[in-house]
Structures are given as structure tokens and as C-alpha cells.
Amino acid sequence: MADDTGARKPAPYQREVFYVGGQYVPDSNGTHTLQGQMYVERLIPEEAEGAVRRPIPIIFIHGATRSGTDWLTKPDGQPGWASYFLSKGFECYLVDVPFRGRSPWVPGNGTMVSYPAEAFEATFTACKDLATWPQAKQHTQWPGSGRMGDPIFDQLYASGLQMLDDSVAQEKASQAACAALLDRIGKPAIVLGHSAGGSTPWLTADARPQLVEMIIALEPTGPPFFKVGFKSEPSAPYGITNAPITYSPPVTNPDMDLVKSVIGAPSPDLMDCKIQAEEPAPRQLVNLTDVKVLVVTAQASYHAQYDWATVLYLRQAGVKAVDHLKLEEKGIRGNAHMMHMEKNSDAVAAEIVKWIDGHMSTREVRDRCL
């Protein structure tokens with residue numbers, strides 16, 4: 001698959017900026033601060049001859065240490081996914097999740113953490129050299145060396161941000177803010193989340209099931225009940241989230257109520273993972289049942305080891321329409337976790353648009369989104 005560097009000009013659009021969510025919190029002085037609000041950048045594609053305006057908008061949710069700028073311009077200076085999806089007629093909403101970037105963090109509201117450049121090299125950009133996991137040797141799509149001192153890597157790392165070191169608080173705040181954004185949009189939307197931002201679409205759909213038409217899970221946090229990444233450790237006590245999510249029968253104590261079973265890796269280069277046990281009957285994610293889901297996995301990413309288990313978990317929990325897009329099966333090879341920033345990012349986006357179009361074919365869905 002050839003790269004698309006320099007092949008496309010930014011799509012024309014109109015821009016609106018606003019904030020959603022948050023609440024006033026009193027302090028010891030009797031004064032108040034607004035906390036938990038979320039910055040939103042709305043991009044509206046301009047009408048062009050021959051252009052098709054899509055009836056459904058997309059909300060883009062970034063990952064850990066990242067912000068909404070990820071979708072605007074890639075580290076190599078080329079147009080990002082916002083421009084691509086605008087060119088295909090999608091209205092785009094780019095967010096900075098609460099406490100990140102242009103969404104304020106108030107001192108005293110949790111501890112902030114950041115990660116060193118070496119972690120970015122090993123996990124995102126130079127994994128082929130370091131061979132950190134079996135699939136890493138296939139990584140070819142990052143532009144540049146992926147090392148400190150390379151101008152493209154330096155742009156990526158320069159845009160990294162401190163983040164709240166409390167996954168539950170972060171997810172709850174992001175859920176509330178994204179629900180408020182959907183209320184403002186006022187019609188069903190596609191929610192796309194990347195990496196650590198991949199838990200937010202599940203929680204947003206749980207809060208507003210009638211307003212989430214589809215979820216694009218771009219290598220979401222996983223595998224179930226665990227987190228692989230900068231700091232790998234047991235996580236996500238609710239299976240796919242750290243914050244509570246609705247199950248039937250209800251889950252009040254996830255460690256007790258969600259009975260787990262280890263499922264062996266399908267092949268030697270994959271990981272053993274945990275899902276729900278078959279006995280008692282797996283609890284169901286009732287608010288996600290009818291949401292259409294696409295899990296996207298890159299060939300050379302560390303997620304290639306375990307995203308299969310996230311897909312299995314969702315199906316086991318009653319999500320009816322879950323597809324797994326393995327990029328190499330579409331001839332898109334050499335990508336790692338930052339696939340939306342890599343040389344062939346447009347090819348990845350094109351496959352996602354094909355999937356969206358395939359699930360927008362019914363008149364009922366189109367009418368709901370207009």
C-alpha cells in the first residue's frame with residue numbers, strides 16, 4: 001500500500017468553537033470554579049461541486065497524552081483525518097477531553113502525569129527497531145526515524161500533554177461531557193475513539209444509546225480487564241471500562257459480579273486474555289446492544305496481540321453488530337498504533353468510510369440522522 005504523503009490539500013470548512021458540560025464546584029473560600037467542561041471544535045464541510053454531505057456527524061476522541069489537534073495536522077505537516085473526513089462530507093467534532101489541553105484542569109483536582117520520549121519511541125514510532133512485541137518488526141509506515149532528534153518525532157512528542165492519573169475520574173468526566181455534546185448536536189452521531197480514548201465511546205453510548213449510531217474503536221484500551229501500554233497492569237474492572245457501565249443483570253461489585261475466564265491465544269504471537277465465563281451466563285451490555293461497532297487494528301501495533309479478545313468480549317456481552325477491521329486483511333500493511341498519523345493514514349480512513357457507508361444504507365438509519 002503506497003503512502004499518501006503530500007497527496008491531498010486540506011478540505012475547506014467552516015469552524016465553530018465552544019464548550020460543553022462541567023459544573024460549578026465550591027471551594028473553601030466560598031467561591032466557585034467550573035470543572036469538567038470540554039473544549040469542542042466543530043468543523044462543517046463547505047459545499048463543493050460533486051460533494052456528498054453525509055447525514056451523520058463524527059465525534060473524534062483522542063488518546064492518552066493527546067488532544068484534538070491530533071486530527072488536524074499530522075506530525076509530518078500533512079493534513080490529518082479531520083481534513084479527510086471533511087472531504088468526504090462529514091461534519092466533524094474534535095474534542096479535548098476534560099482536564100486535557102484546552103479543557104481546564106483545576107489545581108487540586110487530581111494528580112497529573114506525563115511520559116518520557118523513550119516511551120513514545122518504544123510504543124509508537126521506533127517499535128520495529130526495538131522489537132518490543134512480535135508484530136513490531138512489520139512497522140514501516142511511520143515517517144522518519146521515530147527517534148528523538150528526528151523533526152517528525154519531535155513534533156509528535158512536543159504535542160504530548162500531561163494527563164489526569166485517575167482513569168475512573170477521567171472516564172466519568174469524559175462520559176458526562178460527551179453526553180452533553182450529543183445533546184447539543186441533537187441527532188445520532190458516530191463516536192470515534194483512539195487508544196485510551198477508546199473507553200469513552202462505550203460510556204457515551206451507555207449514557208445516550210439513542211444518540212450513538214456507530215462506534216469506531218481505533219485500538220481501544222485493552223484487552224478486557226487489563227491495560228497494555230506505557231504502564232501495563234490489571235485495569236478496566238468493568239471489562240472494557242474503568243468507570244461503571246450498565247450491565248444486565250446489574251453489576252454493583254465488578255470484581256465479584258463479572259466472573260472471568262482465561263481464553264488461550266489463537267496463535268503463538270497473540271496474548272492469552274480474559275473474557276466473561278460462560279457460567280453463569282455472561283452479563284449483557286444492554287445499552288450497547290444495537291450500536292454498530294467497528295474495532296480497527298493495525299498490523300504492527302501492540303494491539304495486534306489482543307484486540308481479538310475485545311471483539312469477542314463485546315459479542316459475548318450482547319453487542320449485536322461488531323466487526324473487526326484488521327488492516328493487513330485489506331492490504332494496508334506496516335501500521336502501528338498511531339495509524340491515523342502515519343504515511344498511509346488516508347488509506348486507513350478510506351476503509352473506515354467504506355464501513356460507515358455500508359452501515360448507512362438503510363432508509364431508517366438515514367432518516368434518523370437527518
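Helix 2 (residues 117-125) and helix 4 (residues 151-158) have axes that come within 11 Å and cross at roughly 110°. This is a predicted model, in which local features need pLDDT of at least 70, side-chain atom pairs count only at pLDDT 80 or more, and totals for chains, interfaces and linings use all residues. Residues are numbered from 1 along each chain as its sequence is written, and side-chain values use heavy atoms, with hydrogens and water left out. Helices (H or I, at least four residues) and strands (E, at least two) are DSSP runs, numbered from the N terminus.

- Helix 2 and helix 4 are roughly perpendicular to each other; angles of 65 to 115 degrees count as roughly perpendicular, under 35 as roughly parallel, over 145 as roughly antiparallel and the rest as oblique.
- Axes here are lines fitted to C-alpha atoms, for helices over the stretch in contact, and the angles run from 0 to 180 degrees between N-to-C directions.
- Helix 2 passes helix 4 in a right-handed crossing, where the near helix is turned clockwise from the far one by less than a right angle.
- On the helix 2 side, Ala 117, Phe 120, Glu 121 and Thr 125 meet Phe 153, Leu 156 and Tyr 157 of helix 4, contact meaning heavy atoms within 4.5 Å.
- By class, this contact of helix 2 with helix 4 has five nonpolar, one polar and one charged residues; Ala, Val, Leu, Ile, Met, Phe, Trp, Tyr, Cys and Pro count as nonpolar, Asp, Glu, Lys and Arg as charged, and the others, Gly among them, as polar.
- Seven of the nine residues of helix 2 are buried, so helix 2 is largely enclosed by the rest of the structure; buried means under 20% relative accessible area, exposed over 50%, and partly exposed in between (1.4 Å probe, protein chains only).
- The cover over those buried residues includes helix 3 (127-130) and helix 4.

**Helix 5 against helix 6**

- Helix 5 and helix 6 (residues 199-207) pack at an angle of about 55°, with their axes 9 Å apart, and are therefore oblique to each other.
- Their crossing is right-handed.
- Helix 5 brings residues including Glu 171, Cys 178 and Leu 182 to the contact, while helix 6 brings Ser 199, Leu 203 and Asp 206 among them.
- The residues of this contact divide into five nonpolar, five polar and two charged.

**Buried residues to look up**

- Thr 65 lies in the loop between strand 5 (58-61) and helix 1 (81-87) and counts as buried at 2% relative accessibility.
- Beyond its neighbours within four places in sequence, Thr 65 is in contact with residues including Arg 100, Phe 120 and Phe 230.
- Cys 92, in strand 6 (residues 92-96), is buried with a relative accessible area of 0%.
- Not counting residues up to four places away in sequence, Cys 92 touches Glu 41, Ile 58 and Phe 85, among others.
- Gln 135 sits in the loop between helix 3 and helix 4 and is buried, with a relative accessible area of 5%.
- A polar atom of the Gln 135 side chain lies 2.9 Å from the backbone oxygen of Asp 269.

**Asp 166, a partly exposed loop residue**

- Asp 166 is found in the loop between strand 8 (163-164) and helix 5 (167-185), and is partly exposed, with a relative accessible area of 36%.
- The backbone nitrogen of Val 168 is 3.2 Å from a polar atom of the Asp 166 side chain.
- Asp 166 and Gly 110 are 56 residues apart in sequence and 7.2 Å apart in space, C-alpha to C-alpha.

Terms used. Polar contact = N/O pair within 3.5 Å; in protein donor to acceptor, adjacent residues only side chain to side chain.
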